[in-house]
Amino acid sequence: MSGRAPRQLNDNNKPAPKRRKTTPPRGKKENMPQGSEDEAGGNEKAQKIIIQFQSVEKEDAGSQLEVPLGVSLKQMRGLINQILDNEEELPYSFYIEDREIMTSLEQTVKEHKTSFEQVVTVVYQPQAVFRVRSVTRCSSSLSGHTGAILHVHFSADGKRLASGGGDGHVRLWDSLTSTALKTLKGHKNWVMAVAWAPNGSLLVSGDSKGEIRVWDGKMGTPKGKPLRGHTKYVSSLAWEPYHNATDCRRICSGSNDGGVRVWDVVAKKCLLSMSGHTKGVTTVKWGCEGLIYSASQDRTIKVWDSEKGILVRELQGHAHWVNGLSLNIDYALRIGPYDHNGNAPADEKERQLVAQEKVKKVLKDNGLQYELLCSCSDDFTCFLWDPVRNKKPIIRMTGHQQPVNKVTYSPDGRYIASASFDNSVRLWHGSSGKFISVFRGHVQDVYMCCWSADSRLLLSASKDSTLVVWNLKTKKIKAQLPGHADEVYAVDWSPDGNKVASGGKDRVLKVWVT
């Protein structure tokens with residue numbers, strides 16, 4: 001406890017008058033937001049507690065405060081806005097030792113068995129200013145694919161949608177009108193992965209024979225000859241971060257042949273070929289620190305230098321296939337210079353700066369200097385890594401009873417969601433990897449999950465043919481979305497938050513709206 005005397009609040013939620021012979025705390029005076037006595041437990045017998053607001057960077061905000069134990073979230077938000085001198089009131093979430101305050105300070109303190117005799121540190125984190133509404137109904141069922149839909153992906157501005165599947169075709173859709181724009185023909189085998197460039201100018205797709213094709217993002221026309229080099233199916237594609245290269249020329253691919261390659265999509269040549277995995281590569285990610293991460297069925301994750309193609313370190317710990325990876329900056333890298341309305345600055349340098357600031361904000365808001373990586377495996381576990389600096393895991397995340405098929409960070413980097421064949425989705429703390437909650441609502445394997453742009457909603461897709469929207473605040477089902485006739489393999493939430501696209505074994509692309 002610091003040497004500063006805590007500010008006290010009287011029963012009317014106003015600062016108590018200064019006492020004689022007492023030195024008041026230095027700095028700005030904080031006042032409890034006005035509210036009814038009942039809201040804050042404002043009676044003479046009400047229990048009080050001393051709190052210290054603190055940022056995720058462990059910097060104290062204001063002085064210590066003595067507040068009623070029953071202080072509400074609304075009052076705490078008003079107080080922190082006042083302390084930080086915000087011109088407009090901004091939304092914040094609050095935590096006590098990684099446990100979020102969901103209803104009131106009193107409930108969290110009692111659940112955590114925190115002593116009233118000590119100063120309680122309350123960590124505040126800013127939330128998204130905009131709010132995404134839950135999708136509730138299917139607005140369009142789009143036919144056209146003659147094989148199972150294996151992948152769907154919205155462009156960074158949210159205006160276009162690409163889908164690929166077992167018929168060997170990539171289809172472009174206008175996400176605003178839910179109409180077909182063009183069928184991209186060229187692949188002769190199943191399309192296993194599609195990925196939009198961060199600036200939306202190009203689209204790449206990889207198939208089950210190892211061929212990668214590059215398409216014009218607006219016209220849907222092929223951009224030169226295919227990229228050939230992989231001998232087995234392309235499992236994953238990842239673009240170089242926009243703030244590192246605004247020309248969007250380099251892309252990384254992972255294949256079941258165990259290889260990882262970096263391509264120049266304009267010159268149509270392979271720049272780097274990285275070998276070392278003894279089995280197929282399942283996922284690749286391109287981080288902001290000039291590193292490429294590849295997960296494999298050989299139970300390892302390898303970290304590569306994206307300029308030289310040399311192995312930097314190997315991450316070991318999983319006892320079975322590594323199925324997926326997610327970076328805490330994934331969403332910031334995906335949308336690049338665009339905001340949640342699909343707008344971006346006209347000037348290229350400004351666009352680059354905007355993209356860079358988004359990455360920095362995610363790291364700063366979570367008290368981090370470097371990106372974090374989460375992996376999931378058939379060994380029923382997930383691991384959290386600090387891959388830039390360390391080859392040892394931060395934590396081993398256990399709880400699932402079956403293989404974990406998908407892991408994904410929330411856009412703000414605060415949460416990790418994992419989807420498993422045990423019919424559940426689990427929620428974890430994004431920086432510590434600590435377990436938060438389990439979501440049960442599906443009756444069969446959960447294949448995929450994705451987040452709304454404001455990180456307040458989570459959506460899961462299952463073998464049981466349904467989608468489920470989960471409310472992060474209540475940890476309960478927000479909406480159930482039946483409609484598919486068979487297993488749902490692919491799902492994506494548009495960056496503007498207005499639509500969800502899903503596809504699967506029934507060969508129908510469905511678009512869901514609020």
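## Basis of the description

Residues are numbered from 1 along each chain as its sequence is written. In this predicted model, local features need pLDDT of at least 70 and side-chain atom pairs count only at pLDDT 80 or more, while totals for chains, interfaces and linings use all residues; side-chain values use heavy atoms, without hydrogens and water.

## Helix α2

Helix α2 spans residues 105-112, and its buried residues are Leu105, Thr108 and Val109. These residues cover an arc of only 100° around the axis, which puts them on the same side of α2. Buried means under 20% relative accessible area, with a 1.4 Å probe and protein chains only. Helices are DSSP runs of H or I with at least four residues, and strands are runs of E with at least two, numbered from the N terminus.

The buried residues of α2 pack against α1 (73-83) and several strands, including β2 (48-54) and β6 (120-126). Contact here means heavy atoms within 4.5 Å. Lys113 follows α2 and has a positive phi, near 55°.

## Arg351

Arg351 lies in helix α4, residues 348-365. Arg351 is buried yet has no salt bridge, which would require a side-chain nitrogen of Lys or Arg within 4 Å of a carboxyl oxygen of Asp or Glu. The nearest side chain of opposite charge, Glu348, is 6.5 Å away.

## Ser134

Ser134 is found in the loop between β6 and β7 (137-142). Ser134 is buried, with a relative accessible area of 10%. The C-alpha atoms of Ser134 and Asn498 are separated by 8.5 Å, although the two residues are 364 places apart along the chain.

Conventions
Buried < 20%, exposed > 50% of the residue type's maximum accessible area, 1.4 Å probe, protein only. Arc of directions from axis to C-beta. Lys, Arg positive; Asp, Glu negative; His and termini not counted.
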